[in-house]
Every structure is written in C-alpha cells, then in structure tokens.
Amino acid sequence: MPEENSVRTAAAQDARAAQDARSEQGAWAAQAAAAQDARAAQTAAPQAAQAVTAARDFFPRGLAQPEGSFRFSIDALLLAAFAAQQLREAMPELLPAPQPAASGMAGTHAGPPATPEAPLTFFEAGCGCGAASFGLLLAAPSGLSMQGHGIDKNPELVEAAALNAQRLGFSHQLRFYSADLENIAQQPGAWESGPPPAPKSALPFAPESCGLALANPPYRLPGSGRLPQNPTRRDALFAGPQTLLAFTRVMAQALKPGGRACFIFSRQRLPELMEHCRACGLWPVTRLPVRSRAEEAPMLELVLARKAEILNNATQHAAYARQGQEAETAPQILPPLTLYENSGESSRLTANALAFCPWLACNAAPAARGALSAHVARNK
C-alpha cells in the first residue's frame, strides 16, 4: 500500500507538472500571438493609410460603379470644383455657429468651455457613385471639418458610393441613403410656393441642417431619344415631369436659411431650373456658362442659388417675397468657362479649365477631346 500511494502521488505530481508546462506554453503562445497581432496592426495601419492616399491621388479614376450603370462624367467634376469654390468664398456664412459655453451658477466654477465648431454639413441630391461629393471633400479648403449626406434612388449606386467612401477614407464623413427624391418631395413639409412655418421633412437626416447642397439633375426629356433598357442608365439620363422640381424641393428642405445650392444643368432648360428654384425659396446668385470651345455656344451652366433667410413669425411671407425681389436683381453671369482650345491633334484643355478643375486632366487624351459637346449632344 505505501508503495501504491507513492506511485499515485508521483503520478499526480507528474500530471500537475505537465499541466503547468502546458499552461506556461499556452501563456507564451498567447503572448506571442498578441505580439504578432500588434506587429500586424502596426504594419497594416501605414499600409491602409498608403492605400487611401493612393486612391485620393488616383481620383477621379478608380471609382466603383455598378455594371451597366451610366458612368459619371465631367459634369460631376465641374460641379465639385464649383461647389468647393463657393466654400472658399462664403465659408464664414456657411459654417455652423459654435455652441455657447454653459454659464456656471453663483458660487460655483464657470461652466464647461464652448463646444468646438461643428463640421460644415453638405448634401448631394442624386449622388450616384459619389463622385461629386468626393471631389468636394478633396477640393475643400484645408483644415475645414466637413460631413455629408448623399441620396440616390438606385441601391446599387448607393452601395458603390459607400465602397468608394471607404477606399477614399471618407466613411466617417459621408452617409449615403437609397431613397426616391420625388417621394421625399411629395411628403408633408415639402416646399410649395414658400417655406412652411416650421421645417418638416421626410429626409433621412435633419432638415435645414446643411450649409451647402449640390446636384447634377438629369436633363434629358422623354421623347428626345431612345430610352436605355437599363433602368439605372435611364434614371441618370432622363427626367420625368416632376424630377427637376423634386430635386429643388428636397435641396431646399436640406439647406439651412442662407445656405447655398449648386447645380450643373443644361443651358437649354435653364429657365425651368430657375423657375423651380425660386418657387422653393432658392434665389439665383451666380451663373457660370460652360462651353467646349470659344467659338461654340455654352451648353451647360453652373448655377449658385442662396436659400432665403425666412423670419419664423407672422411676417415671414412678406420677408420671403421681399428677399426674392431683391435676389432677382442680383444674379451675376460670369464669363464662360472654356474647356478646350485649338483643334485636331493640337486640341488641349485651357489653362482656365485646368485651374478651375484640375481633374479634367484625366480626360485630356485625344480620343476624349470634345467630350463636353458629345456628352451634352447625347443627353439633350
């Protein structure tokens, strides 16, 4: 019996020793794995940052777009450059006011410091794959904090926009929503002949929260050509009877009083855009015609409108009308932006075009020259 007990004791000791060894090995393995994960994270962070930098340098090339969809064109790039220019010129007016510091009670310490300045919020109506929104963020003044919303009726384009935002490192600044602007515009609170007393909206974000809105609405009318079979291309090219009004209404809902709306649109249908803008309280401020060459008539226009600053009391409608009358006398038509000079093999982008929108250099190959005229001719 003593010998048997001794054997059992020795066996138990051996088992405990083996267990301790396994535990020690496990601990070492866990520490080694943690160290390896830390090294991998340290390596991955610079790689991810490098990938974002490369994607931004490569912009506007490399954006994900659903197969069969209408590819974004120079319209989106010109719109982004125009909107960024408005930011630089009117930034103090568009930035949200910082929250005041809370006052301390008598006999106590002063309240907390004022809330840091909130980011400027913008909205893109009919965002597609997000090209104009990304261009705006990339061209915005250095150091400006921004966040944005984009709406498109096509879920595949919204998914592509979200993927592009991730690749460009803008996921924390941009949110994209799949929704029909015409449905939003028809909900209670949509702008009719003037703003309602209080903002109400079917927007997926707070109404009257944006300092800037931008849009490249479809401007080809049904009957002006053969409708594409692909519904995504059809929606991008052809406007329905209420499409343009829906764009302007929803942009007016999104903008805070005094906010700016930027459009790029066909010059042929510009009177319709102006009429709808005014009906929604968006008063034209600046027009920039865009032409392919100096000897050609402008075929597109970049338009800046300002949302009327409405008094929220019994005099609001009188103020609304008065601001409209004042704005009517103020629109400024700038000298046309000419994109190309010379012809044939010597055709090239003008210095003014490249200064206004450097991304146009991506479209400077001979096969792409005259792209504006061809693009608008297809979409009239």
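**Figure 1. Asp180 and Lys153 form a salt bridge in this predicted model.** The closest N and O atoms of the two side chains are 3.7 Å apart. Asp180 sits in the loop between strand 3 and helix 5. Lys153 sits in the loop between strand 2 (146-152) and helix 4 (155-167). Asp180 is partly exposed, at 22% relative accessibility. Lys153 is partly exposed too, with a relative accessible area of 43%.

**Figure 2. Glu301 and Arg267 meet through their side chains in a salt bridge.** The N to O distance is 2.7 Å. Glu301 belongs to strand 7 (residues 300-307). Arg267 belongs to the loop between strand 5 (255-266) and helix 8 (270-279). These parts lie 34 residues apart in sequence, so the pair ties them together. Is Glu301 buried or exposed? Glu301 counts as buried, because its relative accessibility is 0% and buried means under 20%. Arg267 is partly exposed, with a relative accessible area of 32%. A network of salt bridges links Arg267, Arg287 and Glu301.

**Figure 3. Glu341 pairs with Arg348 in a salt bridge.** Their closest N and O atoms are 2.7 Å apart. Glu341 is partly exposed, at 29% relative accessibility. Arg348 is partly exposed as well, at 48%. How many salt bridges does a search of the whole structure find? The search finds 6.

**Figure 4. Phe134 and Phe176 are one of 5 aromatic pairs in the model.** The pair is edge-to-face. The ring centres are 6.1 Å apart, and the planes stand at 70°. That angle makes the pair edge-to-face because it is over 60 degrees. Phe134 lies in helix 3 (residues 131-139). Phe176 lies in strand 3 (residues 174-178). Phe134 is buried, at 0% relative accessible area. Phe176 is also buried, at 14%.

**Figure 5. Tyr177 and Phe205 form a tilted ring pair.** Their ring centres are 6.2 Å apart. Their planes are at 35°, so the pair counts as tilted. Which parts of the chain does the pair link? Tyr177 is in strand 3. Phe205 is in the loop between helix 5 (181-186) and strand 4 (210-215). The two residues are 28 apart, and the pair links distant parts of the chain. Tyr177 counts as buried, at 13% relative accessibility. Phe205 counts as buried, at 9%. Ring pairs join Phe123 to Tyr177 and Phe205 in a cluster.

**Figure 6. Helix 7 is mostly covered.** Helix 7 runs over residues 243-254. How many of its 12 residues are buried? The count is 12 of 12. Among them are Thr243, Leu244, Leu245, Ala246 and Phe247. Arg249 and Gln253 are on the buried list too. The length of helix 7 can also be checked. At 1.5 Å a residue, its 12 residues should span 16 Å. The expected span is 1.5 Å times one less than the number of residues. The end C-alpha atoms of helix 7 are 17 Å apart, which agrees.

Note on methods:
Residues numbered from 1 in each chain as written. Predicted model: local features only at pLDDT ≥ 70, side-chain atom pairs only at ≥ 80, totals over all residues. Heavy atoms only, no water. Phe/Tyr/Trp six-rings, centres within 6.5 Å; stacked < 30°, edge-to-face > 60°. Helix = DSSP H or I, 4+ residues; strand = E, 2+ residues; numbered from the N terminus. Buried < 20%, exposed > 50% of the residue type's maximum accessible area, 1.4 Å probe, protein only. Salt bridge = Lys/Arg side-chain N within 4 Å of Asp/Glu carboxyl O.
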